[in-house]
Amino acid sequence: SMQSPDRAALRWLLVRRDFHRNGLGKFLVFSTLRHLGKHEDPAQIWLRTLPQTAPFFQKLGFHITATSPWVEMIKKLKVCP
């Protein structure tokens with residue numbers, strides 16, 4: 001399971017197609033991470049996405065951990081646990 005006390009999950013982040021490539025998605029991800037940091041203290045954040053959107057999350061520092069058919073990704077929020 002991807003659930004653990006030191007892991008948060010990013011469940012839904014959708015940006016309408018005609019708003020793609022203007023920084024809104026990046027803003028939403030990093031705003032969410034800042035908000036999370038004020039209320040929780042996870043060491044990493046996990047998400048599951050479609051293969052075609054994985055490159056967007058890779059640009060933001062997420063790393064692929066599994067595929068089939070979804071892509072599971074992790075971003076470390078702390079250098080040391």
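1. Which unit do S1, helix H1 and S2 make? Together they form a right-handed β-α-β unit, H1 spanning residues 24-39. Helices (H or I, at least four residues) and strands (E, at least two) are DSSP runs, numbered from the N terminus. A crossover is right-handed if, with the strands pointing away from the viewer, the path from the first strand over the helix to the second runs clockwise.

2. The model is predicted: local features need pLDDT of at least 70 and side-chain atom pairs count only at pLDDT 80 or more, while totals for chains, interfaces and linings use all residues. Residues are numbered from 1 along each chain as its sequence is written, and side-chain values use heavy atoms, with hydrogens and water left out.

3. Strand S1 (residues 7-10) pairs with strand S2 (residues 44-49) in the parallel sense over four bridges; pairing requires that DSSP find at least two bridges between the strands.

4. Threonine 49 is placed in strand S2. This residue counts as buried (under 20% relative accessible area, 1.4 Å probe, protein chains only) because its relative accessibility is 9%.

5. The side chain of threonine 49 makes a polar contact with that of threonine 53 at 2.3 Å. Such a contact is a pair of N or O atoms within 3.5 Å; within protein, one must be able to donate a hydrogen and the other to accept it, and residues adjacent in sequence count only if both atoms are side-chain atoms.

6. Leaving aside residues up to four places away in sequence, threonine 49 touches Ala54, Phe57, Trp70, Val71 and Met73 (heavy atoms within 4.5 Å).

Conventions:
Buried < 20%, exposed > 50% of the residue type's maximum accessible area, 1.4 Å probe, protein only.
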